[in-house]
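Please open the model in your viewer and keep the sequence panel beside it. The stops below say what to select next and what to look for at each place.

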Amino acid sequence: MWESICLTLAATAGNNIGKVLQKKGTIILPPLSLKLKVIRAYAVNKPWALGFLMDIVGALLMLRALSLAPVSVVQPVSGCGLAILSVFSHFYLKEVMNVFDWIGITVAGIGTIGVGAGGEEQEASLISVFQLLWLALVVAILFVLLNAWLHIFKRQRREQELGEYEVVEEIIYGLESGILFGMASVVSKMGFVFVEQGFSAMFIPMCISISICCSGTGFFYQTRGLKHGRAIVVSTCAAVASIVTGVVAGMFALGEKLPSSPSGRLLLLLGWLLIMLGVVLLVTSSRLIRHLPRSFRRSRQTSLERGFNIRRTPSHTPKDTNPSAVIQAATLHHLLSSPSKDKD
């Protein structure tokens with residue numbers, strides 16, 4: 001179990017850090033196209049090439065983790081990618097994090113330990129065709145209801161001539177993208193389970209292809225939400241929906257079970273809860289810090305900046321700060337994993 005958790009952490013770190021490096025590399029690159037000159041420019045750009053390689057390696061490690069452990073364990077642990085990315089941005093991008101960022105990282109780390117201590121190896125159970133049909137039907141009904149709800153609010157917004165997005169629209173786009181991200185992991189796991197049950201090995205690439213389609217569609221919905229909505233709402237809903245979908249679908253469609261011992265069940269459930277809480281804290285930290293007393297915020301910010309300046313030597317102090325390199329850790333993952341917003 002610990003092997004699969006370490007693989008998941010390495011995979012999600014590679015995915016998230018890889019996207020940061022790719023984003024950093026594209027600052028001086030032209031828009032990606034199929035022209036040979038453009039492709040060569042991307043290939044020789046070291047940050048982009050390294051980020052692309054880390055992204056690919058992360059995806060392969062995630063598939064390996066899914067082949068070893070239940071998706072109800074892998075999917076929640078993958079939510080710690082935001083915590084890993086926050087630490088990376090602090091040391092590599094020199095991003096100063098607030099107290100809620102560090103609390104979120106600590107809570108998510110404790111939750112990962114709880115999942116590892118409570119989880120147990122499980123034998124592959126038979127996948128029922130009826131369970132898969134029920135899963136597909138439930139997901140389809142959810143999307144019909146969410147899109148109908150979205151259509152109603154859009155029509156009301158047009159009738160009232162409101163220019164800004166309603167919070168309901170942001171929540172719906174976040175839920176839809178999170179459900180698809182969770183389903184991508186479930187579908188990938190299905191391929192390995194089918195092979196364990198004696199089916200053709202062709203089920204693995206087939207399920208992986210479907211998983212890629214689910215992830216791509218999820219990024220599409222997430223991008224639509226981030227384009228005009230608030231990243232804090234869309235990102236939180238997507239992260240929580242992804243974890244819940246992976247856990248629920250893994251148990252009901254793939255036959256995954258809770259640990260047999262009461263202590264194992266308690267640790268696993270507590271680990272799930274702490275990981276979700278840590279992710280929410282990381283995403284909402286910039287908003288939460290505003291509710292602290294002003295005197296505490298000022299003293300905390302001063303101490304952080306003092307420690308940050310002490311660690312930096314004069315040779316590492318740039319004359320002009322590049323604004324494109326200063327990214328808030330709370331929304332870094334979700335903003336960099338989707339296309340940039342259009343300027344107003």
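Two residues are said to be in contact when heavy atoms of theirs lie within 4.5 Å. This is a predicted model, in which local features need pLDDT of at least 70 and side-chain atom pairs count only at pLDDT 80 or more, while totals for chains, interfaces and linings use all residues. Residues are numbered from 1 along each chain as its sequence is written, and side-chain values use heavy atoms, with hydrogens and water left out.

**The whole chain**

Begin with the protein chain in a cartoon view, where the secondary structure comes to 13 helices and zero strands; helices (H or I, at least four residues) and strands (E, at least two) are DSSP runs, numbered from the N terminus. Of the 344 residues, 46% count as buried, a word that here means under 20% relative accessible area, with exposed meaning over 50% and partly exposed in between (1.4 Å probe, protein chains only). Among contacts between residues at least 6 apart in sequence, 80% join residues at least 24 apart.

**Helix H4**

Next select Val 73, which lies in helix H4, residues 71–78, and which is buried, with a relative accessible area of 3%. Leaving aside neighbours within four places in sequence, show the residues in contact with Val 73, namely Met 1, Ile 5, Val 115 and Leu 268. Leu 268 is 195 residues away from Val 73 along the chain, yet the C-alpha atoms of the two are separated by 8.5 Å. Staying in helix H4, move to Ser 78, which counts as buried at 19% relative accessibility and which touches Thr 8, Thr 12 and Met 62, not counting residues up to four places away in sequence.

**The nonpolar cores**

From Val 73, follow the contact to Val 115, and then show what else Val 115 is in contact with beyond four places in sequence, including Val 77, Leu 267, Gly 271, Trp 272 and Ile 275. A nonpolar core is a set of buried Ala, Val, Leu, Ile, Met, Phe, Trp, Tyr and Cys residues joined through side-chain atoms within 4.5 Å. The largest such core has 51 residues, and those with the most contacts inside it are Val 115, Leu 135, Val 186, Met 190 and Ile 275. Helix H8, residues 167–196, gives the most to this core, with 11 residues. A second, separate core of seven residues includes Ile 17, Val 20, Phe 88 and Leu 93. Phe 88 is also among the buried residues of H5, a helix covering residues 81–91 that is mostly covered, since eight of its 11 residues are buried.

**Aromatic rings**

Rings of Phe, Tyr and Trp (its six-membered ring) pair if their centres lie within 6.5 Å, and planes under 30 degrees apart count as stacked, over 60 as edge-to-face and the rest as tilted. By this rule the count comes to eight aromatic pairs. Select Phe 199 and Phe 203, whose pair is edge-to-face, with 5.7 Å centre to centre and 75° between the planes. Phe 199 is partly exposed at 43% relative accessibility, and Phe 203 is partly exposed as well, with a relative accessible area of 24%. Tyr 42, Trp 48 and Phe 52 form one aromatic cluster.

**Segments listed in UniProt**

Finally, colour the residues that an unreviewed UniProt entry lists as "transmembrane region", among them 99–117 and 129–150; positions are given in the numbering used here, feature names are shortened, and annotations may be inferred rather than shown by experiment. Residues 99–117 are 100% helix, with end C-alpha atoms 27 Å apart, and residues 129–150 are 100% helix, with end C-alpha atoms 31 Å apart.
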